[in-house]
Amino acid sequence: MYIDPHIHMVSRTTDDYARMAQAGCVAITEPAFWAGFDRSSPAGFYDYFRQLTESEPRRAADFGIKHYAWICINPKEAEDPGFAREVMQLIPEFLDKPNVLGVGEIGLNKNSKNELAIFEEQVAIADQYNQLILIHTPHLEDKLKGTKLIMDAIKRNTNIDPGRVLIDHVEEHTAKLVLDEGFWCGMTLYPDTKCTPQRATDIIEMYGSERIWINSAGDWGCSDPLAVPKCRVEMKRRGHSRETIEKISFGNPQRFLGQCEKFTP
Ligand SMILES: [Zn+2]
């Protein structure tokens, strides 16, 4: 059994659900993000949030997979603060839905001033409604700077417990930084870009298996909805114990997500 704690099923086919179930997937969580195109109105987000809280849970249930979601305006579409704030007004209504675990994936994309302002406002929403937080970090050369900006911004809100925040898309040069500050971290497994199953296994060998998970982030681009079981195979091939493999791909997600009582995989 495994959990894929970050995958964008709105972009995936029903066949993907079938293959994931066959590979042992029992639960997934789907953060709100860019869906491959910019939405033209807050109403577009309203419909997307309904898809995340109504139709995807039904589609997943057909294959015995529990579907959970996170709600927010993503950093890629948060460059216009007026637009972003209109979308943010929709968030509280959806935080009450039975499959919503928290606010996410918020964060930074290009490390811009506007993105940072909207990020901080959404951290404040998470604080106000006592929600878990899932964070997207920028890619490539922006990652280290963006990760530091994000951690500093969270620490400015002293109500936020880092143990209730997961910072995703960590790589070799950011994992330790995130863990040392008490946050959880996620490794996104992508076939070419980002972290491969091999690199993720290297990172576990370097920094251990505490407060860390793996996910496929399967989305609208080149990605692999079976990346989590493939990483389990890679860890097994290298001689990791069954306990460690289960911890990374089931126990740790269960521990972090279980801080929200709605999560019962
Ligand atoms: Zn994502």
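**View A. Pairing of strands β5 and β6.** Ile135 has Ile167 of β6 as its bridge partner. Strand β5 (residues 132-136) and strand β6 (residues 165-167) run parallel and are joined by three bridges. Helices (H or I, at least four residues) and strands (E, at least two) are DSSP runs, numbered from the N terminus. The model is predicted: local features need pLDDT of at least 70, side-chain atom pairs count only at pLDDT 80 or more, and totals for chains, interfaces and linings use all residues. Residues are numbered from 1 along each chain as its sequence is written.

**View B. The open sheet.** Eight strands, in the order β1-β2-β3-β4-β5-β6-β7-β8, form an open sheet with parallel pairing (two strands pair if DSSP finds at least two bridges between them). At the edges lie β1 (2-4) and β8 (212-215), each of which pairs on one side only.

**View C. Packing of helices α3 and α5.** Helix α3 (residues 81-88) packs against helix α5 (residues 113-128) at an angle of about 20°, with the axes 10 Å apart. Axes are lines fitted to C-alpha atoms, for helices over the stretch in contact, and angles run from 0 to 180 degrees between N-to-C directions. Pro81, Ala84 and Met88 of α3 meet Asn114, Ala117, Ile118, Glu121, Gln122 and Ile125 of α5, where contact requires C-beta atoms, placed from the backbone, within 7 Å.

**View D. Packing of helices α9 and α10.** The axes of helix α9 (residues 227-237) and helix α10 (residues 242-257) come within 10 Å and cross at roughly 160°. Helices α9 and α10 are therefore roughly antiparallel to each other. Val228, Arg232, Met235 and Lys236 of α9 make the contact with Thr244, Ile245 and Ser249 of α10.

View E. The peptide bond from Gly104 to Glu105 is cis, with omega near -10°. Glu105 is placed in strand β4 (residues 100-107).

View F. Asn111, in the loop between β4 and α5, has a positive phi of about 60° although it is not a glycine. With 19 C-beta neighbours inside 10 Å, Asn111 counts as partly exposed. His169 is found in the loop between β6 and α7 (175-180), and its phi is likewise positive, near 60°. His169 is buried, with 25 other C-beta atoms within 10 Å. A residue is buried if 20 or more other C-beta atoms lie within 10 Å of its own, exposed if 12 or fewer, and partly exposed in between, with C-beta atoms placed from the backbone.

Terms used
Parallel < 35°, antiparallel > 145°, perpendicular 65-115°, else oblique. Contact = placed C-beta atoms within 7 Å.
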